[in-house]
Amino acid sequence: MGNNSNNSRRSFIRKIVGSGLAAGFSAAALPSMATTLVRSHQPLAAEKIPYTQTPLPYGYKALEPAIDAMTMQIHYAKHAAAYAKSLDEAVKEEHVDITTMSLEDVLANTAKFSEKMRNNAGGHYNHEFFWKSMGRSGNSQPSAALFQAIEKDFGSFDAFKIQFTDAGKNRFGSGWAWLVIAPDKKLAVGSSPNQSNPLMATSDLKGIPLLGLDVWEHAYYLKYQNRRPDYINAWWSVVNWDTVQRRFDAQ
Ligand code: MN
């Protein structure tokens, strides 16, 4: 294990600095160049997403009627499981040392990896983040600091919900709607295509994710067919604002 780990780390560093070598950097520059990886913002430790799929924090039926049990089961056990499996393959193929590089750091550096890594690191992260964003907390809105920040940056909580709903409705094809803390420290709403994520340096929408909504058809088609807006409207009732608030408070 120890040797494998060391070999993986060296392979990974070679991969990361490969472009630098091609550009004429000397070998002596290697150690410092290896530290030029983009480090993502460090979220609350409890919110860091592991590389493997974690148990769903509630039963498949828990979010009914907003999200039906069959959709949850297929989504979690088939779609999301496939991302986790393919991420595991990509990590091995591309010699990422997961003991020294967090999934958040992989996301911040997806430009240095394959398309397979980007799609599956994003897909796995997004789904783990999504499951944890839901569950009945008993609160239909955040409290205290986050609520005030939303009012400040969007005008009102309802205005924020409309903007977020529109981001999800208007995302063409497959993707995600997000509430993030943008680089300017303000809250922002937007969407990302496919399995992109705001932590990716390549993402148009950048920031620390606080809330994410899957608007791929597989997330709602069994119950809502083509009615994505109905799915989004129902989804608001199962947002776990305690979790979103905790993510905000951790920053
Ligand atoms: Mn999905």
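This note goes through the predicted model point by point, from overall confidence to single residues.

1. Basis of the model. The structure is a predicted model, in which local features need pLDDT of at least 70 and side-chain atom pairs count only at pLDDT 80 or more, whereas totals for chains, interfaces and linings use all residues. Residues are numbered from 1 along each chain as its sequence is written, and side-chain values use heavy atoms, with hydrogens and water left out.

2. Confidence. The average pLDDT (the predictor's confidence in each residue, from 0 to 100) of the protein chain is 86, and 81% of the residues score at least 70. Over residues 1–35, however, pLDDT stays under 50, and for this stretch the model has 25 contacts (heavy atoms within 4.5 Å) beyond four places in sequence.

3. Overall fold. The protein chain holds ten helices and three strands, where helices (H or I, at least four residues) and strands (E, at least two) are DSSP runs numbered from the N terminus. Their order along the sequence is α-α-α-α-α-α-α-β-β-β-α-α-α. Among contacts between residues at least 6 apart in sequence, 69% join residues at least 24 apart.

4. Surface and burial. Of the 251 residues, 50% count as buried, a class that means under 20% relative accessible area, with exposed being over 50% and partly exposed in between (1.4 Å probe, protein chains only). The accessible surface of the protein chain, from the Shrake-Rupley method with a 1.4 Å probe and, for residues, only the protein chains shown as cover, comes to about 11900 Å², of which 54% belongs to carbon and sulfur atoms.

5. Packing of α7 and α9. Two packed helices are described by the angle between their axes and the distance between the axes. The axes of α7 (residues 157–170) and α9 (residues 228–235) come within 9 Å and cross at roughly 145°; axes here are lines fitted to C-alpha atoms, for helices over the stretch in contact, and angles run from 0 to 180 degrees between N-to-C directions. In this pairing Phe164, Thr165, Gly168 and Lys169 of α7 meet Arg228, Pro229, Ile232, Asn233 and Trp235 of α9.

6. Tyr51. In the loop between α2 (30–34) and α3 (69–93) lies Tyr51, which is buried at a relative accessible area of 13%. Beyond its neighbours within four places in sequence, Tyr51 is in contact with Leu87, Val91, Val96, Ile98, Met101, Ser102, Leu103, Val106 and His124. The C-alpha atoms of Tyr51 and Val91 are separated by 9.2 Å, although the two residues are 40 residues apart along the chain.

7. Thr110. The loop between α4 (103–108) and α5 (115–132) contains Thr110, a buried residue with a relative accessible area of 1%. Not counting residues up to four places away in sequence, Thr110 touches Arg118, Met200 and Thr202.

8. Backbone geometry to check. Most residues other than glycine have a negative phi, and most peptide bonds are trans. The peptide bond from Glu64 to Pro65 is cis, with omega near 5°, and Pro65 sits in the loop between α2 and α3. His95, in the loop between α3 and α4, has a positive phi near 55° and is partly exposed at 37% relative accessibility.
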